[in-house]
Amino acid sequence: MRTAPFLALAFAFAFAFALALASGDRAAAQPKGKQLTPIEQYAKFRETMNEGKFDIAGIYLDQFLKADPPDADLLKLQEKYGSTVFQQLRTVPRYSDDPANEKAIRANVEKLIERAQAAVAKVLYDPARVQKYVNNLGATYEEKVYAQQELKRTGEFAVPYLVQALQQNPGPALYAGVLDTIPILDAPSVSGWVAALEQFDTDRQFGVLTALGARRDALALTTDAQTDFSPILWHIASRDPKDVPPNLRALALTLLNRLYPGTKADDKRPEAELLVLAQKFYNRRAKYTGTKTNPDGTATVPLWTSVTEGNVLKLSKVADVPVGKAEEYYGLKYARWALEAKPDYEPARALILSLAAERATERAKFAPLATVEPGVYKLLSGAPSETLNDLLQRGLNEKRTSLVLAMAQVLGDRADRAAASGPGGADKPSLLVRALAYPDH
């Protein structure tokens, strides 16, 4: 018996069997005598997804798209399953083990998202419409309830309008209406509110945090970086009591104790808790909502930011931020808050330098930081030699290549004697020599 022909036949049989399975699923999706509606087809797709049969689900998704669902159906699906129901399909790590099939399914996911966004933009993303419903949050009870449902349908697009309304000293009815809307919004919409929190005054922080704490999914929100509002609670707890109203500080501690039973937040060191949060990003252990796996295998996430220019709070969203940049953004923010709470807190300072150095070295693809990342190079150059030597030693011990190379550049340019001299004799090479020989030290 010849092995090669046998393997060829076996492969052909397996392929035919797979096609038969797929054909069977297609037949199941479209039984004789009944043509499934697009919404019914999507229900089959979700059912198969829930069973973990992602490759078969890809067949249903393809059929759904080929049925050319009308805009009204896409809007109904978003209303039923949530405003980010289609974007969440990006978060599946793998649909198929077959590269071609995986690529085709992901292309269909992007096609569906594009179709849905166009449908939503036609109907829901009309600034005048959104502003009308925001204003109606301060109207009669019936108008308020209807406006809340429409704003929920609108999703993240409505958040900047809601934030702006809260900032513009609205009357009591509208102020309460905006805050009452926060608990009913879809979870991804919370990202914008969390980003805006640090720009609010203490009264608005109290109102928004109270609303976030009233959400049924408050604990679940803390699992994703963009919706986690626990860092701002530790930040409030870390500030000088003279700068924070007693009611806001008490609320922050109450929410922390509720989110983390047994924590006893008032007995904790807020700067240390903030550092723990920052280290999660430094060590690449953070989770994100809306993670997108790109065709080249890289991952990007949506990221909300806020700034105050004059008296105007500007809230914006960047759809596709590389995960490394998101780690840097959140890690540096929380480490900076820890350092603000305790200016001589050396672990926070070291983490800021380490995170900035590593991510800059990666972006520069190991080119000279002084040329490619002058801002980070300046930050590192201003640090004491003792701190840089400690970071170099840590990088060598923990085998952090990017950190080692960054420290070696700065210390080498500085001609640092401590790094250039051996630690205890001619037989023990200096830190810089070890760094230059890394990773073979």
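The largest pocket of this predicted model holds about 720 Å³ of space. Of its 35 lining residues, Thr84, Gln87, Glu156, Pro188 and Lys317 are the closest to its centre. Among the elements that give two or more residues to this lining are β2 (299–309) and β3 (312–322), while α5 gives the most, with 4 residues.

A few terms first: on a 1 Å grid over the protein atoms alone, a cavity is a set of points where a 1.4 Å probe fits but cannot get out, a pocket is an open set with protein on both sides within 12 Å along at least five of seven lines, and lining residues have an atom within 4 Å of a point. Helices (H or I, at least four residues) and strands (E, at least two) are DSSP runs.

Val194, Ala195, Tyr330, Lys333 and Tyr334 lie nearest the centre of the largest cavity, which 15 residues line. Helix α16 gives the most to that lining, with 5 residues. In the second largest cavity, the residues of the lining include Asp224, Lys280 and Tyr334, and α15 (residues 270–282) gives the most, with 3 residues.

| Space | Volume |
|---|---|
| Largest cavity | about 120 Å³ |
| Second largest cavity | about 50 Å³ |

Residues are numbered from 1 along each chain as its sequence is written, and side-chain values use heavy atoms, without hydrogens and water. Local features need pLDDT of at least 70 and side-chain atom pairs count only at pLDDT 80 or more, whereas totals for chains, interfaces and linings use all residues.

Conventions
Grid points are joined across faces, edges and corners, and a volume is the space filled by probe spheres set on the points.
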